[in-house]
Amino acid sequence: MTKPTELASLLHQTFGFAEFRANQEAVCVAAVEGKDVLLVMPTGAGKSLCYQLPAIARGGTALVISPLIALIDDQAAKMSALGLKVGRIHSGLSREESRQVCRDYLDGTLQFLFIAPERMRVPGFAAMLAKRKLSLIAIDEAHCISQWGHDFRPDYRTLGQHLQALRPTPVMALTATATTEVQRDIVLQLGLQGVAKFIHGFRRTNLAVEVIELSKPERHAKVREMLLNPERRPAIVYAPSRKDADAMASALAVEFPAAAYHAGLDAGTRERVQKEFLAGRIEVVVATVAFGMGIDKADVRTVIHTAAPSSVESFYQEIGRAGRDGKPSRSILMYSFLDRKTHEFFLERDYPPLDTLSKIERGLSRENEIHADDLRVKLKMSMDEFAPAMDRLVAQGVASLDYSGNVALIGEDSSWRKGYEAQVN
Ligand code: ADP
Ligand code: MG
């Protein structure tokens, strides 16, 4: 059995981290022992490590189920950079690539195999997995399993029955957001046995989230006005650029101790600002997104975004830095229609045009599977246009995709359109 000291040295050697973050070690120990685990921990707290480290310690291949191709690719790239042997199977890969990954898995050369949940529905896939003994199965974003959750995915719902074939491999369910109800649902649906629960997530009931429409020139004055109230400090203000951060910081510094923080400052200055802020000598930091990673200051009363953040994920993380002491705190997002334009490119990547989705849907058939790439060629679409849209159709439960890249229609009707339009708008 792996001793805690061995886990610590794996942590240094493989991940290059000096120490465990709060709660990680206990989770890793339970997982190494082969327990089923339910882990609820806020975004950015370091859940990935809680399955990666035990998987390495246990040896063999870990199966990781993740809901989005983007998440899979991102995670796999990070892990490969650490020198880990990672395979992925998803619709963005060619048939040959997916086949090779299956061969690698069967040869036992993979430490991690990433798949999206719908893969488990593919006939023969679970049986192929069962040919070897998995070290563990990690189910990321496990709240997707519950209809009570905010991100319900039908394919998560059926995971439980497929996992039975892979037992007694230990199963870990990880999520940042799960009410008690969702937690119960996860345990029930996945059939977790003698589960070790680590619940560190919290609903941020003390955090008021406000969005105000304000043109760019009005924003600096508004920030100043808000922060003149001493009860709203300490505060973090996120600015869209270094120049903007510098300008606002010097304007605010006339009223109270304020400083800028961004990647354009030298390391010494950044460290000093961070320290003084933690110590309470600087009350307001005006920062670009460079600020905040690893910042744990309990009494931040206000987080202001003077421009729309690049994603909901980062918004969630950034406003999460307010009110960690549980006292009432505010988050204010300033935006205007023009900001939206800046991000439209990214929005479109996540939510491709409905037209494209419809075109692909018409090309799919319930009876006949077609290889995704053949369909793409038939529809005369570029990979850039096709891949995210196909991804979305699968996410919406309209299409299925098997491990050799074949796609088919599975949706019952076109009711998904309404939901999709609501998500996009
Ligand atoms: P989550 O999945 O909980 O949102 P991640 O697993 O993506 O969070 O981790 C967030 C960040 O924290 C990553 O950049 C990761 O490398 C880092 N991290 C995780 N554990 C540690 C640790 N023990 N020491 C330093 N950084 C860590
Ligand atoms: Mg995560």
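This is a predicted model: local features need pLDDT of at least 70, side-chain atom pairs count only at pLDDT 80 or more; totals for chains, interfaces and linings use all residues.
Residues are numbered from 1 along each chain as its sequence is written, and chains are lettered from A and ligands numbered from 1 in the order in which they are written. Local features need pLDDT of at least 70 and side-chain atom pairs count only at pLDDT 80 or more, while totals for chains, interfaces and linings use all residues.

Helices (H or I, at least four residues) and strands (E, at least two) are DSSP runs numbered from the N terminus; two strands pair if DSSP finds at least two bridges between them. Seven strands form an open sheet in the order β3-β4-β2-β5-β6-β1-β7, with parallel pairing. The edges are held by β3 (86–89) and β7 (196–199), each with a single partner strand, so one side of each has no neighbour in the sheet. From one strand to the next the twist averages 15°; axes are lines fitted to C-alpha atoms, for helices over the stretch in contact, and angles run from 0 to 180 degrees between N-to-C directions.

Strand β3 runs parallel to β4 (residues 112–115), to which four bridges join it, and G87 stands opposite L113 in β4. Helix α5 (residues 95–107) lies across β2, β3 and β4 and runs at about 135° to β3. Helix α9 also packs on the sheet, where it touches β1, β5 and β6, and its direction makes about 150° with that of β1. For such packing, two residues are in contact if their C-beta atoms, placed from the backbone, lie within 7 Å.

Strand β5 (residues 134–139) is largely enclosed by the rest of the structure, because six of its six residues are buried. A residue is buried if 20 or more other C-beta atoms lie within 10 Å of its own, exposed if 12 or fewer, and partly exposed in between, with C-beta atoms placed from the backbone. Strand β2 (residues 61–65) pairs with β5 in the parallel sense over five bridges, in which A62 has L136 as its bridge partner. The pairing of β5 with β6 (residues 171–175) is also parallel and comprises three bridges; here I139 stands opposite A173.

In helix α9 (residues 180–190), the buried residues are V182, Q183, D185, I186, Q189 and L190. Viewed down the helix axis, these fall within an arc of 165°, so they line one face of α9; the arc is that of the directions from the helix axis to the C-beta atoms. They pack against β1 (37–40), β5, α7 (154–157), α8 (159–164) and β6. The exposed residues T180, E181 and L188 are on the face turned away from the buried side. Just after α9, G191 takes a positive phi of about 65°.

A second open sheet has three strands in the order β14-β16-β15, with antiparallel pairing. Three bridges join β15 to β16 (residues 406–409), and S400 stands opposite A408 in β16. Helix α17 (residues 383–395) packs on this sheet, touching β15 and β16, with its direction at about 105° to that of β15.

The residues around ligand 1 include F17, F20, R21, Q24, M41 and K47, where a residue is near a molecule if its C-beta atom, placed from the backbone, lies within 6 Å of it. Helix α3 (residues 47–58) gives the most to this shell, with three residues. The shell divides into five nonpolar, five polar and two charged residues; Ala, Val, Leu, Ile, Met, Phe, Trp, Tyr, Cys and Pro count as nonpolar, Asp, Glu, Lys and Arg as charged, and the others, Gly among them, as polar.
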